[in-house]
Amino acid sequence: MAARETFSFQSEGKQLLDLMVHSVYSNREIFLRELVSNASDALDKLRVASLTNEALQSSFSDPHIRIAVDKDARILRVSDNGIGMNREDLVTYLGTIAKSGTREFLQYMAERKETLTPELIGQFGVGFYSSFMVADSVEVLTRKAGEDAAWLWRSSGDGTYTIEEGYRDTCGTTVTLHLKPAENEGDDDEGLRPWERASGEDVADEWTIRGIVRKYSDFVAYPIRMEVRHFDKEGKEEGTKDEVLNSMKAIWSRPESEVTEEEYREFYTHVSKDWAEPLTHIVYSAEGATTFRALLYLPSKAPMDLFLREGDRGIQLYVKRVFIMQDCKELIPEYLRFLRGVVDAEDLPLNISREILQQDRRIAVIRKSLTRKVLDELKRLRDGKRETYVTFWKEFGKVLKEGIFADERNRETLLSLALFRTTTREWITLDEYLEGMKPEQKAVYFLSGGTLETLRNSPHLEAFCDRGFEVLLLDDPVDDFWTGVVETYRDKPLKSVAKGAADLDAPEEKEREGAKEREDAFEPLLKALAEHLKDEVSSVRLSTRLTASPACLVGETHSMTPQMEQLLRQMGQAVPKLKRILEVNPAHPVLERLQRRFTEGGSLGDFPELLYGQALLAEGGTLPDPARFARLVAELLARNLEEARREA
């Protein structure tokens with residue numbers, strides 16, 4: 001037999017244990033939820049493994065979870081006959097920070113200075129360690145399926161743990177907690193029936209355990225068994241009986257009219273490990289070439305891994321109520337990855353693999369049906385519960401907009417679901433934008449890139465706002481992608497106010513003549529400016545979109561935006577330098593004086609560079625040489641102050 005080995009937790013692990021041991025935590029019962037969830041996961045893993053490994057099929061008989069408690073000895077055990085662990089697994093999963101999410105958990109706590117909550121425990125996957133909130137020491141006896149050796153892990157929450165060989169006659173895991181003294185120990189419960197005693201504070205009490213299981217684990221797919229004492233009407237004990245504490249109800253298979261809202265909320269907590277209330281749920285049943293049932297949820301808050309490529313989609317796959325896969329990415333498109341819930345198919349094989357899923361025609365049918373159903377439900381939410389839909393959009397709108405460019409089949413529907421802030425309104429649809437368009441307006445105008453505040457103050461908007469034209473303000477990075485593939489909506493063209501010619505209306509003949517004269521007068525200056533800025537801009541021209549600002553930068557009609565250029569560079573792609581058009585406002589005092597100076601033979605000096613830098617800053621861009629620009633501004637200020645002093 002191998003000798004006992006002693007290990008130290010990583011530094012973050014020690015901090016976590018200290019946090020758990022000394023935490024003033026009002027909801028300590030959460031530890032049992034986590035241990036039961038871990039046991040259920042172990043049974044799921046053995047079930048899946050047994051589908052492809054005949055040697056393990058005999059191990060997966062009578063899968064269950066058992067809770068045993070000795071209140072007098074203050075010992076609580078949670079056992080399962082699932083996949084189990086070997087020595088390497090114990091080190092990896094109970095001693096290595098990378099597998100537990102501890103580092104992220106501690107960083108989150110430090111940044112927000114929050115107290116422990118059930119949501120945090122579940123969100124970061126550090127539930128096993130919550131055992132130390134109720135236990136002085138914890139033992140894990142485990143044997144991995146298909147292996148002969150069993151192993152015993154021990155820790156007292158002091159920063160170290162030991163591993164030695166143990167004995168267990170079947171595969172699975174038993175977690176033994178040596179509980180701390182009860183907080184209500186010594187209270188006078190004489191004369192009360194067992195279920196009337198002050199048991200809420202004592203996790204070694206049978207009735208407390210039963211309540212915790214009903215509250216958190218009622219929908220676990222495997223029976224949770226416990227020896228339960230029975231009493232007569234006078235409270236006299238009649239003996240014990242083995243009982244199943246959870247209902248194991250497949251809530252998605254029951255008629256919707258028979259399921260309460262509370263049951264739907266409880267199941268959401270079970271399936272998502274999210275303890276916030278969902279926005280809504282979607283029940284769907286399909287029969288025909290492919291028969292399946294689905295229960296899906298819209299969360300109320302976006303998870304932290306929403307934009308991580310390896311993040312979970314959160315849809316569990318069952319076949320005839322048998323769990324198959326935890327995170328089935330093939331069931332929904334990526335832009336609906338915020339959904340949580342279950343899909344139970346009737347005609348898929350139990351041993352279906354992820355490789356088969358990717359090519360299975362039935363999965364493609366389910367995916368298409370689910371997508372259509374979810375989008376229909378979002379329409380109903382948008383039209384019937386606008387406030388709730390706005391809440392949803394603020395959390396998940398960025399993700400849903402990914403589908404506009406990725407899913408051509410549903411593009412029109414997704415465009416109709418999108419909400420936008422504009423120069424005059426908050427969170428409107430494109431259809432509502434069309435209804436508010438002025439008769440002479442030619443297009444759906446938008447401005448993308450930068451923060452919302454930068455967009456609101458952009459010089460590109462000036463002429464459009466003067467004419468009362470509403471402009472969509474697109475401040476999400478994904479907007480540069482979908483606006484690149486969407487040319488029209490309801491037969492109205494989409495046009496960026498920062499690209500191409502403004503072309504707001506057809507000028508009268510006299511105005512055209514005046515514009516031609518102005519262009520001729522400014523042409524030498526424009527050429528000189530273009531020569532000074534040839535490394536930065538493609539050309540310089542007079543602007544029809546500026547009314548208050550001296551200059552702005554404009555892209556060609558189909559050119560890349562600066563934001564897209566920057567994003568591609570961050571992704572490591574070689575992108576040629578983007579040169580845009582510098583538009584100048586001939587009616588602005590700066591241009592008028594610059595024109596006069598130039599026609600009188602004066603040097604332009606650093607003014608072209610200052611003009612370009614000002615235009616770049618006005619749109620929220622980054623100067624190529626901020627220090628030089630600051631020095632030029634300082635020199636200009638000094639000269640103006642000196643001239644003002646002389647004139648005075």
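How many bridges join β5 to strand β6? There are five, and the two strands run antiparallel. The structure is a predicted model.

**Strand β5 and its burial**
- Strand β5 spans residues 150-155.
- This strand is mostly covered, with five of its six residues buried.

**Pairing of β5 with β4**
- Strand β4, made of residues 135-143, pairs with β5 in the antiparallel sense.
- Six bridges connect β4 and β5.
- In this pairing, V140 stands opposite W153 of β5.
- The two strands form a hairpin that has six residues between them.
- Within the hairpin of β4 and β5, G146 adopts a positive phi near 90°.

**Pairing of β5 with β6**
- Strand β6 covers residues 160-166.
- L152 has E164 in β6 as its bridge partner.
- β5 and β6 also form a hairpin, here with four residues between the strands.
- In the turn of that hairpin, G157 has a positive phi of about 75°.

**Nonpolar cores**
- The largest nonpolar core is made up of 74 residues.
- F338, L370 and L400 have the most contacts inside this core.
- Setting aside neighbours within four places in sequence, F338 is in contact with Y297, L298, P299, L306, F392, F396, V399 and L400.
- Another core lies apart from this one and has 51 residues, including F132, Y161, A204 and Y216.

Technical notes. Residues numbered from 1 in each chain as written. Predicted model: local features only at pLDDT ≥ 70, side-chain atom pairs only at ≥ 80, totals over all residues. Heavy atoms only, no water. Core = buried A, V, L, I, M, F, W, Y, C linked by side-chain atoms within 4.5 Å. Buried < 20%, exposed > 50% of the residue type's maximum accessible area, 1.4 Å probe, protein only. Contact = heavy atoms within 4.5 Å. Pairing = 2+ DSSP bridges.
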